[in-house]
Amino acid sequence: MSDLHHDLLRQLTAMGMAPGADVPTAAQWPRLLAAVSRAYRENEAARLALAESHAVASGKLTEVNRELAAEKALLESRVQERTRRLAQ
C-alpha cells in the first residue's frame with residue numbers, strides 16, 4: 001500500500017510513472033507537472049466556489065435570523081399588549 005494520495009497515484013499510473021515503474025523520462029516530467037498543476041488549479045477553484053457558497057448561505061441565514069427576531073419581537077409586544085388589556 002502506497003502512502004501517496006490516490007489522485008496522485010492515479011496521475012502517476014496514467015503517465016507510466018507509478019511507484020516501482022522505470023525512472024521517469026525527461027518527456028514525462030513536464031506532463032506530470034502540468035497534470036499536478038491542473039489538479040491544484042481545479043482544487044483551488046472548487047475551494048473558492050465552496051467559500052463563496054458558504055458566504056452566500058451565511059448571509060441569507062443572517063438575514064432570515066434578523067427577520068425572525070423582528071417578527072418575534074412584534075409577536076411578543078402584541079402578547080404583552082393583549083395581556084395588559086385583559087388585566088384591566
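This is a predicted model: local features need pLDDT of at least 70, side-chain atom pairs count only at pLDDT 80 or more; totals for chains, interfaces and linings use all residues.
Let's start with α2, which covers residues 28-87. This helix has 60 residues and reaches 87 Å from its first C-alpha to its last. That's close to the 88 Å expected at 1.5 Å a residue. Which residues of α2 are buried? Gln28, Leu32 and Ala35 are, and the buried residues of α2 pack against α1. As a general point, an α-helix has 3.6 residues a turn, so residues three or four places apart point the same way.

**The largest pocket**

The largest pocket holds about 210 Å³ of space. Two elements give two or more residues to its lining, namely α1 (6-14) and α2 (28-87). If you want to pick the lining out in your viewer, select His5, Asp7, Leu8, Arg10, Gln11, Val36, Ala39, Tyr40 and Asn43. By class, that lining comes out as four nonpolar, three polar and two charged residues.

Gln11 is one of the lining residues, and it sits in helix α1. Gln11 counts as buried because its relative accessibility is 12%, under the 20% cut-off. Setting aside residues up to four places away in sequence, Gln11 touches Ala35, Val36 and Ala39. Of these partners, Val36 and Ala39 also line the largest pocket, while Ala35 is among the buried residues of α2.

Asp7 is another lining residue, and this one also belongs to helix α1. Is Asp7 buried or partly exposed? Asp7 counts as partly exposed, because its relative accessibility is 35%, which falls between the 20% and 50% cut-offs. The side chain of Asp7 makes a polar contact with the side chain of His6, at 3.3 Å.

**Gln28, in helix α2**

Gln28 is found in helix α2. At 13% relative accessibility it counts as buried, because that value is under 20%.

Ala46 lies in helix α2 and is partly exposed, with a relative accessible area of 47%. Ala51 is found in helix α2 as well, and at 44% relative accessibility Ala51 counts as partly exposed.

| C-alpha pair | Apart along the chain | Separated by |
|---|---|---|
| Asp7 and Ala45 | 38 residues | 17 Å |
| Ala51 and Asp3 | 48 residues | 29 Å |
| Ala46 and Lys72 | 26 residues | 38 Å |

Take the Ala46 and Lys72 pair: the two residues are 26 residues apart along the chain, and their C-alpha atoms are separated by 38 Å. For Asp7 and Ala45, the chain separation is 38 residues and the C-alpha atoms are separated by 17 Å.

The buried residues of α2, for their part, pack against α1, and both helices contribute two or more residues to the lining of the largest pocket.

Key. Residues are numbered from 1 along each chain as its sequence is written. Side-chain values use heavy atoms; hydrogens and water are left out. On a 1 Å grid over the protein atoms alone, a cavity is a set of points where a 1.4 Å probe fits but cannot get out, and a pocket is an open set with protein on both sides within 12 Å along at least five of seven lines; lining residues have an atom within 4 Å of a point. Grid points are joined across faces, edges and corners, and a volume is the space filled by probe spheres set on the points. Helices (H or I, at least four residues) and strands (E, at least two) are DSSP runs, numbered from the N terminus. Ala, Val, Leu, Ile, Met, Phe, Trp, Tyr, Cys and Pro count as nonpolar, Asp, Glu, Lys and Arg as charged, and the others, Gly among them, as polar. The expected span of a helix is 1.5 Å times one less than its number of residues. Buried means under 20% relative accessible area, exposed over 50%, partly exposed in between (1.4 Å probe, protein chains only). Contact means heavy atoms within 4.5 Å. A polar contact is a pair of N or O atoms within 3.5 Å; within protein, one must be able to donate a hydrogen and the other to accept it, and residues adjacent in sequence count only if both atoms are side-chain atoms.
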